[in-house]
Structures are given as structure tokens and as C-alpha cells.
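Me: I have a model open and would like to learn how to read its features one at a time. Could you walk me through it?

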Amino acid sequence: MKTNTVPRDTLRQIQSKAKEQFGLSAVSSRPAELYRKLVWIAKQQHIEEVDEWLHMLAQQPWTENLREQVIPAFTVGETYFRRDPNASEWLAKTFFRQLIAKRQQSKRIDCWSAGCCTGEEAYGLLFLINELQPADFSVNIVATDLNREFLRQARAGRYRQGSFRSPAPDFQERYFAAEDNDWVVLEKWRNRIQFEPLNLIEYKPPLGHAPFDLILCRNVLMYFSQDDACKIIHMYMRNLRDDGVLLLGAVDASLAATAGYHGFWAGDNYAVWGKTDASNPRLSLTEPLSEISNQVLSSAEPTPKIRPLSKTTEAALASPKRPSVAKPTQAPVPTANLQQQLENPALSRAEKASICIELAQKSQRENRLDEALSWLTEAVSIQPLNVRGQLLLGQHYLFTQQATLAADTLHKAIYLDDRNIAAHFYYGQACQQCGRAATAIKALQQCLKLVQDLDTAKVIEDTGELSAGHIQKLAEQLIHSGVTYAD
Ligand SMILES: C[S@@+](CC[C@H](N)C(=O)[O-])C[C@H]1O[C@@H](n2cnc3c(N)ncnc32)[C@H](O)[C@@H]1O
């Protein structure tokens, strides 16, 4: 096998073709890593002239066969059983319990695991529904993925110990048979799921299965560009029943909000009801959790506690009645009054900046994003050393897809206060989005350090009421997601 040094341009051309064909914009972005993966594929395929093959990949249209050959270079096979146990608890105790009660006539449940990888998520779902024992129900689960080799492994249902890294009593013994060093899904479960190839970038559901009661798409959308991910979310929403739910991984929560859907935290996942209409894109995670939860509760039965929530939310959930949106203890100061106060020459710079921030937050809540931006800009020009002003301005840039500006601004916030958890958390995301992988990882690790000794239920300021536990989970997922951007 002959290889020389392949020009970066060739690899970049291959990358942009992969983005066009599979939508994957964030995987193997580092040329050296992509090169290593492609050389490995060439070796498997007994291709002698590797560099020629790479040039051909860069220059010529990809046939079906070529596409299949290169897909493993762009797909990440990281998955395991019971990956999000709190979300499973929400599915079992709340969602399916209600759904089974509502589907007593049709006696069917339709689910889709999108980006199912080697099948752990789909089998896990089947086992979970089985444990609820919905008598005489037909449970239809379709599981799709781009990578046919992953699907082949999923159909075979053979797993190594690494797939069971989230332990549960008796789980392996109940559903698997031990064979050599592997665990194989028992025959009676193996043919209960339809594993089908499907490329999400075609924005279509698997043929003949929609509409769905549940769509799982976890740890998949983060590999797509924000625009493509939003289009995929719209496609999911078109194919959900009104009382169905879309469940996204925690790292994808902000994508749902960017696509204009208000969801809620279902354990460690972010969920959106089928009947949710897309509104204007909002500043996603800055939305207080209590409001999100209340919104959901107004259309659902009281929900059991799944993850640590803020005191307000917890109190609201504990209430036997459906809670109304939490009212601020003090009456809000009208905008006009705040603006008048700004004219007061006796005010210090710090006081003026904090009024501007208040006005910005009011504008954000009312979805007037341009106005919010101008108040935040004013706050930091009145008082450039205002940490909160820089932090909120940086968040604003991040959620309006201006990653470079976001990174610069959040960096200032960190410079002013290097113990600010939110600043490190959002700076890490901004750096990831603008391709500064090493800096992103450093920022997220710093964020983990700062939350590690906190009570997991403690709400972290300026994160839209995310708890320390939640920030920890999100930061870990961002670090370990396998997303590698060019630095
Ligand atoms: C990290 S795995 C997630 C597996 C599982 N959902 C979980 O949360 O454990 C991401 C999966 O998305 C699949 N994928 C990536 N791009 C895709 C595309 N364009 N269409 C369908 N699946 C895709 C990959 O092949 C991979 O199996």
C-alpha cells in the first residue's frame, strides 16, 4: 500500500463532499484524523494506491459503492445500553404510562430510534416498554442509521462488555445469552426491531412507519451544522403524533430552541411534545426552567421528580394542582421607568450597566432580540468591566450563531472573573463552534472543575436555571462526544 503526503486541499474537498452527502460537518474535521481513518478504510478494501484513491474521492462524484466505503470515516459508533437512565425513568414512569392509557383502542405504539448506531438504544427501548407490560399491544420500533455495518451489528444483537457500562441489576441475564466473551440478545427479542438504513440529511422518515409516538435522536444532531440539525428537527416534528414526544440528547437542547421549539428536561434528555408549534427562535437555554416545566405541566399530568430542579420548580411540581407560571416576588419595573432611571446623572456606571442588563433581559423574554443586543452592548460600553454584561452579550452571540464574536466576548468575561462557571461553559461551546477544539476542551474542563464540589442540585447563575449536575453532564458530553473540530 503506497501513501505519500496528501495535500490538505484534497482532504478538505473530501470533507465538503461528506458534508453535502451525509450532513456531517463536525466529524473528523482535523485533516490528520480523517487521513488516518481513510487510510485504514483503504487497507480494509485492499486498495494499493491510497493517494490516488483519495484524489479520486476528492475529484469524482461518489457512487453508491464509494459512499458506503467512506461512511465509517465520518460516523462515530459511541453508544451503550441505558445511556440516559433518568430519561428512561421519565419514559417509563410518565410518558409510556400515559400513552398506554390513551392507546387502549388502537393498542399500538410506534417509535423511531434515529441514529441508532449498533442498536443499544433501540433494544433498550424495547426492553423498557416490555417491562411496562402493555397487554396485547403491538410495539413497533424502527431504528435507522447511515452506517450499514452498525446496522448489521445491531441485527446480530451481539455486544461486548463495553456496551453495559451503565449497570442495572439482572439486565444482562434477563435479555441476553452469554456467548464466548459476548452477550447476545435473546432470539425472542432480536426480530422485534426493524433496523433500516436511512440518511437523515434527506429529511425523510423511514418509509411506511410514521407517524410516531416517540422519536429518539440522541447524540446525533451535534455532528450536523446548526441549519441542517434544525431542518431535521422540523422533519421529526412533522412526523410525530400530537401527544407524541421527540427526545433529544442534552447537548442538543439548544438546537431544539434554535429551531423554535420549546421543550422541557425529561431526566437527562430534552423533550418536545408533538403538538408544539415552532415559534421564532429563542435564546434557548437562557429560558428559565421553571417556565418550561410549567408550560409542559399545563398540558400533562403531574410529573414525578427526575432530576434536581430549582426550588421554584420543585415547589411547583410538588403542588397537587397544576402550577401556574411562577410570579416574580416584586412587581416588574416598567420599561419606561427603567429607561427614565438611566437618565439620572447621580447613578454610577455599575448601576447604569445593571439597568441596561435588566432592559436586555426584558427584551429577550419578549423575544425582541435586536433590542436585547443593543441594551447589552450599551451595558458593556458604559462599564466594560461588567462581567455579567460580557457574559450575557457572549451568550447572545452564541445563540444567534455568531460563534467568533461569542468566543471573544466570553473570553473577556472569563478574564474578568475566572471562576464564573457559565462563562467557561458557554466559552467552551463557542470555541467548539468556531473550530478551536483544544481551547474548547480546556474551557469545559475548567467548568467541570468549578462545579465538581457543588451540590448537584445547585442552580448555576445565568444558565437558564441549569443545575450544577446538569452543567457537569453537558460539559462531559461536549468533551467526550467525539466531535473534533479543526483547531
Ligand atoms: C454517537 S452515535 C449515537 C447513538 C445513539 N443514538 C446513542 O445516543 O447512544 C451517532 C450515530 O449517528 C449516525 N449518523 C450520523 N450521521 C447520520 C446521518 N446522516 N443519517 C443517519 N444517521 C447518521 C452515526 O452513524 C452514529 O451511529
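Reply: Happy to. Let us begin with a sheet of three strands, which is open, antiparallel in its pairing and ordered S3-S5-S4. Its edge strands are S3 (158-159) and S4 (176-179), each of which pairs on one side only. Keep in mind throughout that this is a predicted model.

Me: How many bridges hold S3 and S5 together, and how many join S4 and S5?

Reply: S3 and S5 (residues 182-185) are antiparallel and share two bridges. In that pair, Arg 158 sits opposite Val 184 of S5. S4 and S5 are antiparallel too, with four bridges, and here Ala 178 faces Trp 183 of S5.

Me: What should I look for where S4 turns into S5?

Reply: Look at the backbone angles. S4 and S5 form a hairpin with two residues between the strands, and Asp 180 in that hairpin has a positive phi near 50°.

Me: And how do side chains point along a strand?

Reply: The general idea is that in a regular strand the side chains alternate between the two faces of the sheet.

Me: Is S1 buried or exposed, for the most part?

Reply: For burial, count neighbours: 20 or more other C-beta atoms within 10 Å make a residue buried. Six of the seven residues of S1 (residues 108-114) are buried, so S1 is largely enclosed by the rest of the structure. S1 runs parallel to S2 (residues 138-145), and seven bridges join the two.

Me: Which of them is buried, and which is exposed?

Reply: Count neighbours again. Asp 170 has 7 other C-beta atoms within 10 Å, and is therefore exposed. Asn 219 has 23 C-beta neighbours inside 10 Å, so Asn 219 is buried.

Me: Where does a cis peptide bond occur?

Reply: Check omega. Between Ala 210 and Pro 211 omega is about 0°, and the bond is cis. Pro 211 lies in the loop that connects strand S6 (193-197) to strand S7 (212-217).

**Checking helices**

Me: How do I test whether a helix has the length it should?

Reply: Compare an expected span with the distance between the end C-alpha atoms. At 1.5 Å a residue, the 17 residues of H15 (residues 349-365) should span 24 Å, and the end C-alpha atoms of H15 are 24 Å apart, which agrees. For H17, 13 residues should span 18 Å at 1.5 Å a residue, and the ends are 18 Å apart, which also agrees.

Me: What do the buried residues of these helices pack against?

Reply: The buried residues of H15 include Ala 353, Ile 355 and Cys 356. The buried residues of H15 pack against H14 (335-342), H16 (369-382) and H17 (387-399). Twelve of the 13 residues of H17 are buried, so H17 is largely enclosed by the rest of the structure; among them are Arg 388, His 396 and Phe 399. The buried residues of H17 pack against H11 (253-258), H15, H16, H18 (403-416) and H19 (421-433).

Me: What comes after each helix?

Reply: H15 is followed by Asn 367, with a positive phi near 65°. Just after H17, Gln 401 has a positive phi of about 60°.

**The ligand and the whole chain**

Me: Why does the ligand lie between two domains?

Reply: See who supplies the shell. Domain 1 (8-74) and domain 2 (85-287) both give residues to the shell around the ligand, so the ligand lies between them. Of the 25 residues around the ligand, the nearest are Thr 75, Thr 79, Gly 115, Cys 117 and Leu 200. Sorted by class, the shell holds twelve nonpolar, eight polar and five charged residues.

Me: And the chain overall?

Reply: The chain has 21 helices and ten strands, and 44% of its 487 residues are buried. Of its contacts with a separation of 6 or more, 69% are between residues 24 or more positions apart.

Note on methods. Residues are numbered from 1 along each chain as its sequence is written. This is a predicted model: local features need pLDDT of at least 70, side-chain atom pairs count only at pLDDT 80 or more; totals for chains, interfaces and linings use all residues. The expected span of a helix is 1.5 Å times one less than its number of residues. Two residues are in contact if their C-beta atoms, placed from the backbone, lie within 7 Å. A residue is near a molecule or strand if its C-beta atom, placed from the backbone, lies within 6 Å of it. Ala, Val, Leu, Ile, Met, Phe, Trp, Tyr, Cys and Pro count as nonpolar, Asp, Glu, Lys and Arg as charged, and the others, Gly among them, as polar. Domain bounds come from an automatic or database domain assignment. Two strands pair if DSSP finds at least two bridges between them.
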